[in-house]
Amino acid sequence: MNNPTMENWREQLITSTEKQNLLKLQDKEIAIGVFKNEGVKNHHADFGDSIVFDFLKEGEDIIRKWYVNAKNFDLLKQIKELGVLTNQKVKIQRAGSTKSNTRYFITKL
């Protein structure tokens, strides 16, 4: 018999392979690629709510997960303004080196 409590922690556990498949940008780094979905709501007990987007960087064949905090209204507004995301080519740029001063800018290509 399946135990819902047991399954919840398993779904939230990120393996080392999945960590390698995250879209992480450093200060002033740019990622060009396409969204592969419209985003999925995600809740994590430690990190709170986020929207997870599948993103394929140009020149790569691995779809990466990009977690956007559900309270990052400025970034989510930029994403919303892109319209339909699936197969939308964009440039994502990060400015800032710490969590408190980081901003993302998205441009449709």
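User: Hey, how accessible is Phe55 in this one?
Analyst: Phe55 counts as buried, since its relative accessibility is 0%. Bear in mind that this is a predicted model.

User: And Phe35, buried or exposed?
Analyst: Phe35 is buried too, at 0% relative accessibility.

User: How many aromatic pairs are there in the whole structure?
Analyst: The search turns up 5 aromatic pairs. Phe35 and Phe55 make one of them, with an edge-to-face arrangement: 5.5 Å centre to centre and 80° between the planes. Phe35 sits in strand β1 and Phe55 in strand β3, so this pair ties together parts 20 residues apart in sequence.

User: What about Phe35 with Trp66, how are those rings arranged?
Analyst: That pair is tilted, because the ring centres are 6.4 Å apart and the planes meet at 35°. Phe35 is in strand β1 and Trp66 in strand β4, 31 residues apart, and the pair links those distant parts of the chain. Both residues are buried.

User: Which residues end up in the ring cluster?
Analyst: Phe35, Phe53, Phe55, Trp66 and Tyr104 are linked into a cluster by ring pairs.

User: OK, on to the nonpolar core. Which residues touch the most other members?
Analyst: The largest nonpolar core has 18 residues, and Phe35, Phe53, Trp66, Ile79, Ile92 and Ile106 touch the most other members. At least two core residues come from each of β1 (30-35), β3 (48-57), β4 (63-69), α3 (73-81), β5 (89-95) and β6 (103-108).

User: What does Ile92 touch?
Analyst: Skipping residues up to four places away in sequence, Ile92 touches Leu23, Leu25, Glu29, Ile30, Ala31, Phe55, Trp66, Tyr104, Phe105 and Ile106.

User: Let's do the helix. Which residues of α3 are buried?
Analyst: Leu75, Leu76, Gln78 and Ile79 are buried in α3. Looking down the helix axis, the buried residues fall within an arc of 155°, so they line one face.

User: What do they pack against?
Analyst: The buried residues of α3 pack against β3, β4 and β6.

User: And which ones are exposed on the other side?
Analyst: Over there, Phe73, Lys77, Lys80 and Glu81 are exposed. The side chains of Lys77 and Glu81 also form a salt bridge, 3.4 Å from N to O.

User: Where do those two sit relative to each other?
Analyst: Lys77 and Glu81 are 4 residues apart in α3, so about one helical turn separates them. In general, an α-helix has 3.6 residues a turn, so residues three or four places apart point the same way.

User: What comes after α3?
Analyst: Gly83 follows α3, and its phi is positive, near 85°.

User: How many salt bridges in total?
Analyst: The count is 5. One of them joins Lys89 and Glu58, whose closest N and O atoms are 2.8 Å apart. Lys89 is in strand β5 and Glu58 in the loop between β3 and β4, 31 residues apart, so to speak a link between distant parts of the chain.

User: What does Arg64 pair with?
Analyst: Arg64 meets Glu60 in a salt bridge, 2.9 Å from N to O. Arg64 is buried at 14% relative accessible area, while Glu60 is partly exposed at 29%.

User: Last one: where is Leu56, and what is it in contact with?
Analyst: Leu56 is in strand β3 and is partly exposed, with a relative accessible area of 21%. Leaving out neighbours within four places in sequence, Leu56 is in contact with Ile32, Gly33, Val34, Lys36, Asp61, Ile62 and Ile63.

Methods:
Residues numbered from 1 in each chain as written. Predicted model: local features only at pLDDT ≥ 70, side-chain atom pairs only at ≥ 80, totals over all residues. Heavy atoms only, no water. Core = buried A, V, L, I, M, F, W, Y, C linked by side-chain atoms within 4.5 Å. Buried < 20%, exposed > 50% of the residue type's maximum accessible area, 1.4 Å probe, protein only. Contact = heavy atoms within 4.5 Å. Arc of directions from axis to C-beta. Phe/Tyr/Trp six-rings, centres within 6.5 Å; stacked < 30°, edge-to-face > 60°. Salt bridge = Lys/Arg side-chain N within 4 Å of Asp/Glu carboxyl O.
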